[in-house]
Each structure stands twice: as structure tokens, then as C-alpha cells.
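Please look through the sequence and the model below, and then follow the explanation from strand pairing to helix packing and on to a few local features.

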Amino acid sequence: MRLAPTKRGIALAVLLAFSACSPTTQPPTGSASASPSPAQPAVKRGGTVTLAFSVDPNHFDPHRGTTAQNFVSLVYDGLTQFKTGPDVPPGTHIIEPALAERWDISPDGKTYTFFLRKGVKFHDVAPINGREMTADDVAFSFGRMLAVDAENIKRDLFNVITKVDVVDPYTVRLTLSQSFAPLLANLGTVFAAIVPKSELNFKTVALGTGPFVLKDVQRQAKYVYAKNPSYWKAGADGKPLPYLDGYTQVIIPDEGTRTSALRSGQLDFTDLLVDNLAQELIKSNPTLVDEKFPGNFSVMTRINVKEKPLDDVRVRQAISLALDRQAIANALGGGVGIVNGPIPTALTDWALPVSEMPNFKQDVAKAKQLLTDAGYANGIKLTAVLLRSPQNRTIMLEAMQQQLKAVGIDLQLQFVESADLSKRRVDRNYQLLGDNLTPSAEPDTYTYVEYHSKSSGNVGNYNDPALDLLLDKARATADPVQRKQALRDVQLKLAELQFIITTGDPYYHSLFQPYVKGFRFSFVNQRIPIKYIWLDK
């Protein structure tokens, strides 16, 4: 075995640009282990904080669906994790050991052997009652991740895994069908959470090894968490993290209301704010701590190509050409925003500039001609379904609604509840669907998982053999330079097909009260680093 670096990935551009795992970073081909944390200032223990989110989760199962991650990311751990903390700026993507203290990778990249930390305990909650986490729990969790299930829309983050072997209580071996560059990054997402082997219904129960225990649930109102006194990771003072006694997440759908709550001191920090609201808040509350960075949620409109007339590529291209994406991005950002292609622009090492892609520059005359050629000279009527919160989908679709009128497309907006939208997504029961993605460091998340004909994350019935070949090649290519070229080809093909209308992202601000120490926002799969927070008051 050859030795690999301890950390998979490199910290790249920060604040002004997000990046994926760097093209200069190759998949590790040996072993990895933890390194000491950098020195931090003296900390104070105790106290609680309150933060707000805009959306209530449908359920808590990390392996089923995408709305739970904000609410269970600190309840669970994975085998790997993205480094977070006060010394890690937004946009930094460094993989480090978590429940696996190290790993070996075979020279051909097809066998990963993970060596688990000993003595890690699940939360002391019935019926698990604080028992030790072992390889059997890991194998059980992978069984859930790989299950063929309509709700398991993130299965393709892991579908190259063909076999999971329990070598001994503290060793697990994964066999892959091919070398797979994104694996360690994908294992650091909430969707790879390790759950206890049990008959628990994880949609209603959240129980893991993470730094916080979910204690109280009041749907549509608040979620209360207490510290896990047996957490495996130590803080700067040598004692187990977290520093806080607990925290509360309250549900406040309206962005303006969240801003007011932060201004009045009801919140210690809040979900991200777009630029204009943040600037207003900073002016009236100059003591708030602020950090600004571009988003990589990729606010977009899904198209169901089984629905006429959207099965015609000319219609999809006409929709794309009718749009002024910069205006939409600016609306999303409250005045300034970033236009996205299939891979968000913030992932600077992988994203192809939109100026190089077809069908992205507004051309109303060409859009009208394409509709005429497709037999719709008199226009068409379409319906987009969306949630009222988060508000980014409404902003995007209302802007599209106005712009599409110029080419004869009447876009109607249908607001639905979260459970209904999730069912429509799973059932592929919609024409257009307003959405955004869970931020990722991996371009594979934005490409293969969303578009491959065999991907469980493909909820728009996309099936293009030429695209599948390009996606397969990009996924299997380990060399960074060759992978970047393969992903360029993928993005050009997606720009031609226009299966999903990507628009843009705002610049976001992370704002918190001045007594909140040790906090720095992380976009990586919503693992907000609350375990490092301490209060200087």
C-alpha cells in the first residue's frame, strides 16, 4: 500500500469563490489518519444558543430525502467528515477522519478498508441506550444507503459500492465496481450517516453518535438539542465537545422576520441572509459579526421531460434562451448574484463559464423561432410547483414568469406543501418544479446524480445515451486534468439538452451576535459547526 495524505482535498479559494475538491488533488491511494487540531483560544463551557431555519423537515431519516440535513447533521457522524470550525473559511473542502480513524485504499482504487474508532457510543436514548458503535452498525447503514427505494434519491452517491464486508468489530471493507474519485467526499455528507443497527423508524427518530442529542420536537415551531456528554471528539480544552449545553432551532419561514429576530436579540445567529437584507441589518446593528461569500445551492427549475411539450428539446432551449439569468441571479441576491451553469460557478475548479455554453445568453428572437419550429407559434402554458419557503424558488420563478411572457409562454405557479412536493418529486408528477440543491464539494453531485438515466436522483425522466456515456467517463476518471475535460464535455452536453434550467445564486452573509465565539459557517452539506461554538458572556 502507498501512503496517502491525511486530508483528502485541499483548502482552495475562500470568501470570493467556492471550490470543489481541487483538480490538483488525486484520489488517495493509501491510508489516512487524524492530525492534531490547531491551537484555539481559551473557551468557556455551558449555555445555549438559538438559531432559525426557514423550512420544517418532512422527517429525520438521513438516508431518505433531502429536507432533514439541517436538523440531523449534528446528531449523526459519518466515516469521514469535512473539516469545519473557526479556522476553516467557507468554501474550504478538506476531508478528514471521523468515525473511521484511518483507511487503506488498494492500488487500483477499488477496495477501501476503514478502521473504526473504538469506544464511540451512540446516544444514551432507549432502546439503544448508549451502546458502542461497531462495524455491524456501519454495514447496516450502508445497506440503507444502497437500498433500491424511490425515496432514496441520494443512492447514487454510493452506487459504485458492490460489497460491504465486516472484517472484525472495528474494520469494514468496501468493494467498488470501479475507481471512484468522489467516494471519501460523499462519505462525509449527511447522506452517509452511520445509524445504529436496529428496527428504529429513522423518519421519526434521530439517534446517532453526533455531538448533540435531539430532545424535543415541536413541528413547525422548534427543535431542541442537548449536548452528547459522551462525544468522541475533544475540544481545545481537552474535554469532549461540544462546549455548549445545547441549542434550539426555531422555524421562521419569512426572511424578514428572521432578520428582525436577530436584530432584537431573540436569535444568536440565523440561516443565511442575502446581500441586501444583510447590509441593512449590519447598518442598524454594527456589532454583529459578518462574513460574506457566494452560494452554491444552485437555484433551478427542474423539467419533467415526459410531460408534453417539454419532451421537445426545442421547447426547453426556448425556455432557456428567453431568460436573462443575470437579472434572475441579481433578484435572488437582492441586487447582486452569480449566474450558474450545470455546475455552480462557485465551484471554480470544475464549472465551465456560462459564456462558453450554448443556450445561456438571452436571445428572445431565437427562442420564438424555436417555439415556432416546434409547432407552438401561438405560445404554450406551463405550470411550476414550488414551496413558499425558502423564498429563493419564488423569486426565481416569478422572474421567469415575467421573462417568459416575451416569447409567448404563460407560466403558472402552484404553491404546495413540503410533503406534497416531495411526493411529486419522487413520483415524477410535475411539469416544472422549483428547487435548489444541497451544497456539495463534488461536481458529481451536480452532474451524474441529477442527470444519469440510471440515477435515483434523476427525477425528471432524463434519458440521453450520449450524455450517460459522458457522465460515466467523468465519474470514472481519477486524473484531475482529464476529469476536468470530461466534466467540460458533460456541461456542454447539458447546456444543449436543458433538462434543468439552472439560474444562479446570491452572495450570502453569515451573521451572528458578537458574544458567539468559535463559529464559522460551512456550506458542506449543511453541517453547521455548532459543536465548536462557545459563548463569551
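In strand β8, R173 is the bridge partner of T113, and R173 is also the bridge partner of D165. This is a predicted model, in which local features need pLDDT of at least 70, side-chain atom pairs count only at pLDDT 80 or more, and totals for chains, interfaces and linings use all residues. Residues are numbered from 1 along each chain as its sequence is written, and side-chain values use heavy atoms, with hydrogens and water left out.

Strand β6, residues 111-116, pairs with β8, residues 171-176, in the antiparallel sense over 5 bridges. Strand β7, residues 161-168, also runs antiparallel to β8, with 6 bridges between them, and β7 and β8 form a hairpin with 2 residues between them.

Turning to the helices, α13 (residues 465-476) and α14 (residues 480-497) pack at an angle of about 155 degrees with their axes 9 Å apart, where axes are lines fitted to C-alpha atoms over the stretch in contact and angles run from 0 to 180 degrees between N-to-C directions. That angle makes α13 roughly antiparallel to α14, since angles over 145 degrees count as roughly antiparallel, those under 35 as roughly parallel, 65 to 115 as roughly perpendicular and the rest as oblique. The crossing of these two helices, α13 and α14, is left-handed, a term used if the near helix is turned anticlockwise from the far one by less than a right angle, whereas clockwise is right-handed. In the contact (heavy atoms within 4.5 Å), A466, L467, L470, L471, K473 and A474 of α13 meet residues of α14 that include L487, V490 and L494. By class, the contact of α13 with α14 has 10 nonpolar, no polar and 4 charged residues; here Ala, Val, Leu, Ile, Met, Phe, Trp, Tyr, Cys and Pro count as nonpolar, Asp, Glu, Lys and Arg as charged, and the others, Gly among them, as polar.

Helices α6 (residues 313-321) and α8 (residues 364-373) pack at about 160 degrees, with their axes 8 Å apart, and are therefore roughly antiparallel to each other. Helix α6 passes α8 in a left-handed crossing, and the contact residues include V315, A318 and L321 of α6 and A367, L370 and L371 of α8. The residues of this contact of α6 with α8 divide into 7 nonpolar, 1 polar and 3 charged.

For α4 (residues 255-263) and α5 (residues 275-284), the packing angle is about 20 degrees and the axes are 11 Å apart, so α4 and α5 are roughly parallel to each other. Helix α4 passes α5 in a right-handed crossing.

Among the local features, F60 and Y223 form an edge-to-face aromatic pair, 6.1 Å centre to centre with 90 degrees between the planes; rings of Phe, Tyr and Trp (its six-membered ring) pair if their centres lie within 6.5 Å, and planes under 30 degrees apart count as stacked, over 60 as edge-to-face and the rest as tilted. Because F60 lies in the loop between β2 and α1 and Y223 in strand β10, the pair ties together parts that are 163 residues apart in sequence.

A cis peptide bond joins L241 and P242, with omega about 0 degrees, and P242 has its place in the loop between β10 and β11.

Key
Pairing = 2+ DSSP bridges. Helix = DSSP H or I, 4+ residues; strand = E, 2+ residues; numbered from the N terminus.
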